[in-house]
Amino acid sequence: MPDRAALVTGASSGIGLAIARMLGEEGHGLTVAARRPEKLAEAVTRLRDAGFEVEEVAGNMAEEADVQRIVAAHRERWGRLDVLVNNAGVGVGAAVADTVTKRIDMQLDVNVRAIILFYRECAELLRAAGADHRNALVVNTSSLSGKSGQTWLSVYSAAVIGWTQAMNKELNGDGIKSVALCPGFVDTPMTQFVREHVSQDQMIRPEDISEAVRFLLHTSPNCVVPEIVFQRPGEAI
Ligand SMILES: NC(=O)c1ccc[n+]([C@@H]2O[C@H](COP(=O)([O-])OP(=O)(O)OC[C@H]3O[C@@H](n4cnc5c(N)ncnc54)[C@H](OP(=O)(O)O)[C@@H]3O)[C@@H](O)[C@H]2O)c1
């Protein structure tokens with residue numbers, strides 16, 4: 001049984017899968033969660049083939065009961081939580097006059113509300129890890145558009161960085177650090193729509209993000225890194 005455990009949402013592809021792989025390399029037992037079961041199962045096969053111990057839970061992060069089920073499965077399998085990665089997310093571009101309520105709700109439910117629910121459901125486990133080694137870590141995937149709100153991506157830009165700052169103020173004393181990751185275009189399925197304008201080899205790699213999280217694992221308990229911005233050359237905020 002690994003002596004550290006991590007829960008990664010949105011782990012079936014892209015940034016979440018790269019972070020899950022890195023956490024496996026760093027000796028964590030993994031719980032991976034995402035929406036579509038078949039896609040998640042494929043990712044889990046690859047993680048297990050790489051030698052990692054993996055608990056797999058499909059669920060919709062927009063559903064409170066699914067969030068609770070995912071955390072319960074993690075607790076049952078590993079009994080501890082050293083790293084929580086709130087990475088599942090969706091972006092639906094629209095001008096403000098064209099925003100559709102259903103799409104606003106979906107983005108806020110998955111990108112913001114689910115993060116809040118995961119903190120609440122995981123607070124006890126994270127506090128136990130913080131008491132153990134003062135280095136429990138929560139990673140929240142925001143975006144460059146969270147640093148500097150972008151037209152068309154206005155709903156997508158909301159809230160995660162402010163929430164992360166609040167959690168550092170509330171939980172650092174319990175040995176729990178939070179970080180917001182703020183990348184520009186990363187080469188994942190999510191950015192397929194933009195490849196006509198920005199080619200894959202001009203994008204940030206998922207491994208650039210996972211290596212940054214690896215660095216966070218090795219900072220001392222005295223060092224909090226509240227956010228990390230990943231820009232492409234010339235992509236100033
Ligand atoms: N790629 C970029 O340029 C970029 C830039 C800034 C921030 N981000 C953020 O980075 C995070 C990861 O995105 P990515 O680029 O790695 O894209 P991705 O490869 O499409 O991964 C998104 C992950 O989130 C899961 N997911 C989406 N909606 C869900 C829901 N309702 N319930 C449960 N899981 C759900 C997906 O599972 P299914 O496929 O089964 O839905 C998938 O595992 C997202 O929060 C995204 O907003 C991405």
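**First stop: α1 and α2**

The crossing of helices α1 and α2 is right-handed. Keep in mind as you explore that this is a predicted model. To find the pair, select residues 14-25 for α1 and residues 37-49 for α2. Their axes lie 11 Å apart and meet at an angle of about 25 degrees. Angles under 35 degrees count as roughly parallel, so α1 is described as roughly parallel to α2.

Now show the side chains. Which residues of α1 meet α2? Leu17, Ala20 and Arg21 do, and on the α2 side they meet Ala43, Arg46 and Leu47. Sorted by class, the contact of α1 with α2 has four nonpolar residues, two charged ones and no polar ones.

**Second stop: α1 and α7**

The crossing, as α1 passes α7, is right-handed.

To see the contact, pick Gly14, Ile15, Ala18, Ile19, Met22, Leu23 and Glu25 in α1, then Pro206, Glu207, Ile209, Ser210, Val213, Arg214 and Leu217 in α7. Colour them by class and you will find nine nonpolar, two polar and three charged residues in the contact of α1 with α7.

Next, select residues 101-133 for α4 and residues 160-171 for α6. How far apart are their axes? The distance is 11 Å, with a packing angle of about 20 degrees. This makes α4 roughly parallel to α6, and α4 passes α6 in a right-handed crossing.

From α4, show Asn111, Ile115, Ile116, Tyr119 and Arg127; they meet Val160, Trp163, Met167 and Leu171 of α6. The contact of α4 with α6 divides into seven nonpolar residues, one polar and one charged.

**Last stop: the ligand**

How many residues surround the ligand? There are 30, and the closest are Ser12, Ser13, Lys39, Tyr156 and Thr188.

- Serine 12: an N or O atom in its side chain is 2.7 Å from an oxygen atom of the ligand.
- Serine 13: an N or O atom in its side chain is 2.6 Å from an oxygen atom of the ligand.
- Valine 186: here a polar backbone atom is 2.7 Å from an oxygen atom of the ligand.

Key:
Residues numbered from 1 in each chain as written. Predicted model: local features only at pLDDT ≥ 70, side-chain atom pairs only at ≥ 80, totals over all residues. Heavy atoms only, no water. Axes fitted to C-alpha atoms, helices over the stretch in contact; angles between N-to-C directions. Helix = DSSP H or I, 4+ residues; strand = E, 2+ residues; numbered from the N terminus. Left-handed = near helix turned anticlockwise from the far one by under 90°. Contact = heavy atoms within 4.5 Å. Nonpolar A, V, L, I, M, F, W, Y, C, P; charged D, E, K, R; others polar. Near = heavy atom within 4 Å. Polar contact = N/O pair within 3.5 Å; in protein donor to acceptor, adjacent residues only side chain to side chain. Parallel < 35°, antiparallel > 145°, perpendicular 65-115°, else oblique.
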